[in-house]
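Reader: I'm new to this one and would like to go through it slowly with you. Could you have the sequence and the structure up while we talk?

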Amino acid sequence: MSTQQIQPPTAAPAAAPAEAGTPMLSRMVEGLSGRYRSIPVLLVLALIWVYFYSQNSAFLTSGNITTLTLQIVTTAILALGVVFVLLVGEIDLSSAMLSGVCATVTAQLAIKSEWPLWVAILGGVAVGVAFVGAEVLAIIFGVPSLIVTLGGMVILQGLLLVVLPPEFAINVAGTDYAKISSTYIPSGWSLALGAAGWLIFCATRYRTHRERESGTSPLVPVGVPALVSGVVIFGSIAVLSEGPGLPLPVLILVGMLLIAAYFTGRTRYGTHLYAVGGNREAAQRAGIPVSRMVIYSFLVLGVCAAVAGMVEASRLLAVSNSSGGGPLMLNAIAAAVVGGVSLFGGRGTVWAALLGALVIGSINNGVQLLGLSTEVQSFATGGVLILAVAIDVVITRGSLLPNRR
Amino acid sequence: MPEAGELLLQLSQVSKYFGGVRALHEVDLELHRGEVVALVGDNGAGKSTLIKVISGVEHPDSGTIQVRGESVRLETPRAAQSAGIHTVHQDLSLCDNLDAVRNLFLGQEITGGLLRGRPVSRHRMEVEARQVLDSLAVKLRSLTTPVGGLSGGQRQGIAICRALISDPSLVLLDEPTAALGVTQRAEVLDLILRLKAQDRGVLVISHDLKDVQEVADRVVVMRLGSKVAEFGRGDYSSSDLIAAITGAHEAPRTPEGIR
């Protein structure tokens, strides 16, 4: 497994023009499989946006973009948990149902038992972590995660009916619970938060550059990321502030993404996570506690599922026996994969959750906006998913031709 | 024979069974500082099992392992590492999705404070990685490329450099010259001698008897799970080795080589 190498497409038929262009191409494939993995995703996203905007200019209004962000938040938070599980080379099918159960438990505690909201939220998160903890025990004993979480999903379907009251629904409208999704951060505050985040980003970037003592000008290695991140941060805040403001769920999502990005990208925990996904035996031999890393990943998924469920419940103003059902699970997995996380483990970043959810959410939103039938939505989402995995396979294999290793 | 230095590793009467299969049978082995010991034998002779026992991957069913005179139980690879034993496996054990620096420091990253979530000190790791790679003349286009895209020689170089990061007193090399070109093979043999010059103990598994004769101070021959012969540098010929490996002189059951 570890000995096979990705052959750069050398002077092979059809892979590339056989002249000097080949190292360039192999370098490009190398870059796309590594640091610049999100560029094709961004291109696809841009294409989708341009297409829908050309069909209906209402697509890129701040009102519709606010709606879009609220639509994708649940998928993105759940996808973030799925990313952690995919990175260690496992899969999960139960987290969407788990999000429904956690949201229901929180609703029961907050509304029926009238506990303070934060205690109820902690209760919901505890349920999520506990259930996932039980699943991961079976997984580290060697039962394939596909089977464990498939069984877990079925159990959770039953569990949802147990925790729901006899009328199979709890209305949360008008309670503090519903305020999670209907709170908007005033533009002044969101600007201040964005500016603080941007300054911290630029400062760390500059410090890393100075530490290297390479003597080169900081213009390109610091300036370009600073410019790009500044445009993204202040651009999105400006667009959202034109509407009702920055929705609290988006802030929760961004906060979770930043924490996840820090831990996966900058700490030894992150390196070990990728190592376990890349070559489990090598990780074991290097003294990395493989089982513990798998457990951590699933526990992160448990927290993400609980948060996603609560955000969704407060957005839909109710929990019911359909909470966590529908296409949520498949959308979350698809988002992670479309965003560039490999199903084979060890490749991709946490930002894939956001990018993939944006791609899938934009398709759904645009199709509804154009008044097209839901079939089109299914066809487009499915097509994009297959295309994304095909790209993933080509990139990890390093060639367009089949059977070249 | 000249006792080179402090006794690093001593195995006595180590046996290992896989079900009914006898993989190791009462093997004794000693290794001193500044000494290169080669482990040779045919396929299935138990060399790999012995390496696994010493590197903490497998546990012996009976017998004792002593490191620097103290009896130890090498329950995990990490335990072996903290006892100062580092293994370079034949399949290199690299993570193809990680870059050279991360592979070099895998499991022993240089990190910052606990309060900030133990961030890795990428810069310090890169500086050290460059030093180690340069000292063995391993040329890499970039330290940030995933190692899956590198050549076999470069990957071998990274795998061996990894042994030096943790500054181990004993290095186990499993078939280090297999599948290498002529120049790279010479480099690896040079590295083995360099490890020896640094006063470490080196245990090499090899199929290549020419390599063995070139670098080894002692040669231990295994056959069917047992140690059948041990030769000091210079007091054996290639045919002695081959005879011991194949068991050609086994009829008298006391080959000349055993002392």
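Reader: Let's start with the rings: how many aromatic pairs are there over all chains?
Author: This is a predicted model, and a search of the whole of it finds seven aromatic pairs over all chains. One of them joins A:Tyr262 and A:Phe263, whose ring centres are 5.7 Å apart and whose planes meet at 85°, so the pair is edge-to-face.

Reader: Is A:Tyr269 buried or exposed? And what about the other two you described?
Author: A:Tyr269 counts as buried because its relative accessibility is 18%, and the cut-off for buried is under 20%. A:Tyr262 is partly exposed, with a relative accessible area of 27%, and A:Phe263 is also partly exposed, at 33%.

Reader: Switching topic, how many disulfides are there over all chains?
Author: The count comes to zero disulfides over all chains. B:Cys161, for instance, is in no disulfide, and the nearest cysteine sulfur, which belongs to B:Cys95, is 17 Å away.

Reader: Is B:Cys161 buried or exposed?
Author: B:Cys161 is buried, since its relative accessibility is 0%. In chain A, A:Cys202 is buried too, with a relative accessible area of 15%.

Reader: Let's move to chain B's strands: how well covered is strand 7?
Author: Strand 7 of chain B, which spans residues 170–174, is mostly covered, and five of its five residues are buried. B:Leu170, B:Leu172 and B:Asp174 point one way from this strand, while B:Val171 and B:Leu173 point the other way.

Reader: Why would the side chains alternate like that?
Author: In a regular strand the side chains alternate between the two faces of the sheet.

Reader: OK, and which strands does strand 7 of chain B pair with?
Author: Strand 6 of chain B, residues 85–88, runs parallel to strand 7 of chain B and is joined to it by four bridges. Strand 8 of chain B, residues 201–205, also pairs with strand 7 in the parallel sense, over five bridges.

Reader: What stands opposite B:Val171 on each side?
Author: B:His86 stands opposite B:Val171, and in strand 8 of chain B the bridge partner of B:Val171 is B:Val202.

Reader: And which helix goes with strands 7 and 8 of chain B?
Author: Helix 6 of chain B, residues 182–197, does: together with strand 7 and strand 8 of chain B, this helix makes a right-handed β-α-β unit.

Reader: What about helix 8 of chain B, which of its residues are buried?
Author: In helix 8 of chain B, residues 238–246, the buried residues include B:Leu241, B:Ala243, B:Ala244 and B:Ile245. What covers the buried residues of this helix includes strand 3, helix 7, strand 9 and strand 10 of chain B. Just after the helix, B:Gly247 takes a positive phi of about 80°.

Reader: Last one, back in chain A: where is A:Thr149, and what does its side chain reach?
Author: A:Thr149 is found in helix 6 of chain A, residues 145–163, and its side chain reaches the backbone nitrogen of A:Leu93 at 3.1 Å. A:Thr149 counts as buried, because its relative accessibility is 0%. Leaving aside residues up to four places away in sequence, A:Thr149 touches several others, among them A:Ile91, A:Asp92, A:Glu135 and A:Phe298.

How values were computed:
Residues numbered from 1 in each chain as written. Chains lettered and ligands numbered in written order. Predicted model: local features only at pLDDT ≥ 70, side-chain atom pairs only at ≥ 80, totals over all residues. Heavy atoms only, no water. Buried < 20%, exposed > 50% of the residue type's maximum accessible area, 1.4 Å probe, protein only. Helix = DSSP H or I, 4+ residues; strand = E, 2+ residues; numbered from the N terminus. Pairing = 2+ DSSP bridges. Right-handed = clockwise from strand over helix to strand, strands pointing away. Polar contact = N/O pair within 3.5 Å; in protein donor to acceptor, adjacent residues only side chain to side chain. Contact = heavy atoms within 4.5 Å. Disulfide = S-S within 2.5 Å. Phe/Tyr/Trp six-rings, centres within 6.5 Å; stacked < 30°, edge-to-face > 60°.
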